[in-house]
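Trainee: I have a chain to go through with you. I want to know what stands behind each label.

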Amino acid sequence: HYDHSGGLRHFMRINKKALVYVNRHAFQPHYNGAGKYIGVDPEGLDLSRIRYVDDEFEIDQGITLYSCNDRNPVVPADPFGQTVLEGDRCLPDDYRHEQYLLINENGKKICFSGCSHKGILNILSWFRPDVLVGGFHFMKMEDENLLRKAAEQLLQYDAVYYTGHCTGLKQYEFLKAIMGDRLHYISAGTVLEI
């Protein structure tokens with residue numbers, strides 16, 4: 001989606017050699033619930049540095065990208081009206097383009113998940129990381145009972161969470177009151193030492 005890739009052109013301008021790994025579905029046309037185009041515009045990108053990958057790709061030893069399209073969810077993911085254009089039809093977005101970066105280093109598993117559109121609980125069940133950095137996509141979740149249940153489920157995993165963006169500030173504050181030092185807020189410019 002454009003809100004996750006808007007900095008890519010600038011990044012490629014200031015870094016003249018880095019390769020960019022994307023799932024081969026990344027440039028499919030995507031739309032929000034109101035029908036507005038929200039896909040990635042490849043125009044102006046140095047496409048010679050784009051590397052299309054499938055559901056699993058090892059960048060280097062201990063650094064692997066996953067899309068998890070072959071894994072069963074433990075909870076259904078809600079597309080919130082978002083769609084992907086398949087042929088001449090818009091279908092509910094299944095987020096097959098979304099990637100997760102797993103780093104195994106010094107006996108720890110660190111997972112970077114972006115907005116976790118496939119569901120944060122699914123991602124946790126698939127990777128069981130020690131540290132998860134990413135959004136929970138709870139910004140539209142107003143039901144405190146659902147948020148409390150989500151916090152309790154997150155606490156069942158032996159992980160520390162760093163979240164921001166699409167978790168929602170109000171939702172984060174509610175979760176933080178339950179999760180304590182297992183949950184931390186991050187924003188642009190935050191430096192984490194893990």
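Predicted model: local features only at pLDDT ≥ 70, side-chain atom pairs only at ≥ 80, totals over all residues.

Trainee: Where is His-137 found, and what does its side chain join in a polar contact?

Mentor: His-137 sits in the loop between strand S10 (131–134) and H4. Helices (H or I, at least four residues) and strands (E, at least two) are DSSP runs, numbered from the N terminus. The side chain of His-137 has a polar contact of 3.3 Å with that of His-117. The cut-off for a pair of N or O atoms is within 3.5 Å; within protein, one must be able to donate a hydrogen and the other to accept it, and residues adjacent in sequence count only if both atoms are side-chain atoms.

Trainee: What makes Gln-171 buried?

Mentor: Its relative accessible area is 4%, so Gln-171 is buried. Gln-171 is found in helix H5. A polar atom of its side chain lies 3.3 Å from the backbone oxygen of Phe-138. Leaving aside neighbours within four places in sequence, Gln-171 is in contact (heavy atoms within 4.5 Å) with residues including Met-139, Met-141 and Leu-147.

Trainee: How do you know that the span of H4 is close to the expected one?

Mentor: Helix H4 (residues 144–155) has 12 residues. The expected span is 1.5 Å times one less than the number of residues. That gives 16 Å, and H4 reaches 16 Å from its first C-alpha to its last. Asp-143 caps the N-terminal end: a side-chain oxygen lies 2.8 Å from the backbone nitrogen of Asn-145.

Trainee: Which residues of H4 are buried, and why do they line one face?

Mentor: They are Leu-147, Ala-150, Ala-151 and Leu-154. Down the axis of H4, the buried residues fall within an arc of 100 degrees, so they line one face. The arc is taken from the directions from the helix axis to the C-beta atoms. These residues pack against helix H3 (120–127), strand S11 (160–163) and helix H5 (169–179).

Trainee: What makes a set of residues a nonpolar core?

Mentor: The members are buried Ala, Val, Leu, Ile, Met, Phe, Trp, Tyr and Cys residues joined through side-chain atoms within 4.5 Å. The largest core here has 26 residues, and Phe-127, Phe-136 and Tyr-161 touch the most other members. H3 gives the most to this core, with 6 residues. Apart from it lies another core, of 7 residues, among them Met-12 and Val-22.

Trainee: Why are S2 and S7 said to stand at the edges?

Mentor: The open sheet has 3 strands in the order S2-S6-S7, with antiparallel pairing. Strand S2 (30–31) and strand S7 (89–92) each have a single partner strand, so one side of each lacks a neighbour in the sheet.

Trainee: How do you know that S6 pairs with both?

Mentor: Pairing needs at least two bridges found by DSSP. S2 and S6 (residues 83–86) have 2 bridges, and 4 bridges join S6 to S7.

How values were computed. Residues numbered from 1 in each chain as written. Heavy atoms only, no water. Buried < 20%, exposed > 50% of the residue type's maximum accessible area, 1.4 Å probe, protein only.
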